[in-house]
Amino acid sequence: MTKRSFKHCAAVVAAAAAGWLLSSCVTPPPAAPETLPTITLEQAIAAPYRDANRARDLDRHPLETLEFFGVENDMTVIEIWPGGGWYTEILAPFLRARGLYIAAHFADSPNQPAYQKRTLDQYKKALAATPQLFDRVRLTAIGAPNAWQPAPPDSADMVLTFRNVHNWLADGTEREMFAAFFRVLKKGGVLGVVEHRNYDDVSREEMIRSGYMSQDYVVQLAVEAGFTWVAWEEINANPRDTRDHPGGVWTLPPTLRLGDVDRAKYLAIGESDRMTLKFVKP
């Protein structure tokens, strides 16, 4: 390989005839009023409500990344594990008038890890606190033990995930995830993946330890699930990242796992080197 490279619905919706079961409501939102304004991606990214997160645009390149994936404002877009909602602040307002943004977050279960419960609770509060932006967001779930249908089959135009594949590797659920993405997408739908990158074919254990995924393995997962690999870009590349940090990818910002140890060094490197991959459901 060459080096080019976020209101929870309480009801459970069952659709036996379609053969799927959802843990969250994903019925389409009410029709948008004709006066509901549309905005561009540039306007969503530049909006003042993003002031707290804008500094990270330099490392995450949201405009270039979303344009590469081909997002349009009339699409149904599912973001997988949106965390605190960094991309939700962009995508939900952008899709609010004409499209649908589905946040497939952590599965709320009795055995849910504490950090997942905390993050999910914070995400729900953020949605509820800003209805002028997030009133049309549909919150669903995906992940172990049995939440593998975040939306009806063949219903989404695009599935996006940012820096999550290493988490599924650690859970042993990466194949279930990619299979779920394939099911929910329409024919011709796009899967966009951004992930911490390792060019080398490193072991599974090393990918879990470091958080850096072999690009070949991520492509393999998507192709095995049925996707066609379309393209990759160097939008989120970082040549300063040597990938050999003692605390793995979490050594770098924003986590800075080592605290003050070599802090200036890791701040100078910036966020991780990342693959940006685009796949299509044939």
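Predicted model: local features only at pLDDT ≥ 70, side-chain atom pairs only at ≥ 80, totals over all residues.
Q: What is the volume of the largest pocket?
A: This one is a pocket, so we're talking about an open set of points rather than one the probe can't leave. The space comes to about 770 Å³.

Q: Which residues are the closest to the centre of the largest pocket?
A: The lining takes in 31 residues. By class they split into 12 nonpolar, 12 polar and seven charged. The ones closest to the centre are Arg60, Gly83, Arg163, Asn164 and Asn167.

Q: Which helix gives the largest share of the lining of the largest pocket?
A: Helix H5 (114-129) and helix H7 (165-171) each put in at least two residues. The largest share is four residues, and it comes from H5.

Q: How many nonpolar residues are in the lining of the largest cavity?
A: The cavity holds about 50 Å³ of space. Its lining is Ala92, Leu95, Arg96, Gly99, Leu100, Tyr101, Leu133, Arg136 and Val137. Two of the lining residues are charged and one is polar, and the nonpolar count is six.

Q: Which strand supplies at least two residues of the lining of the largest cavity?
A: Helix H4 (88-95) supplies at least two lining residues. The strand that also does so is E4 (100-105).

Q: Why is H4 largely enclosed by the rest of the structure?
A: Buried here means under 20% relative accessible area. In H4 that label goes to Thr88, Glu89, Ile90, Leu91, Ala92, Pro93, Phe94 and Leu95. H4 is largely enclosed because its buried residues number eight of the eight.

Definitions and conventions
Residues numbered from 1 in each chain as written. Heavy atoms only, no water. 1 Å grid on protein atoms, 1.4 Å probe; cavity = no way out; pocket = protein on both sides within 12 Å on 5 of 7 lines; lining within 4 Å. Points joined across faces, edges and corners; volume = space filled by probe spheres on them. Nonpolar A, V, L, I, M, F, W, Y, C, P; charged D, E, K, R; others polar. Buried < 20%, exposed > 50% of the residue type's maximum accessible area, 1.4 Å probe, protein only.
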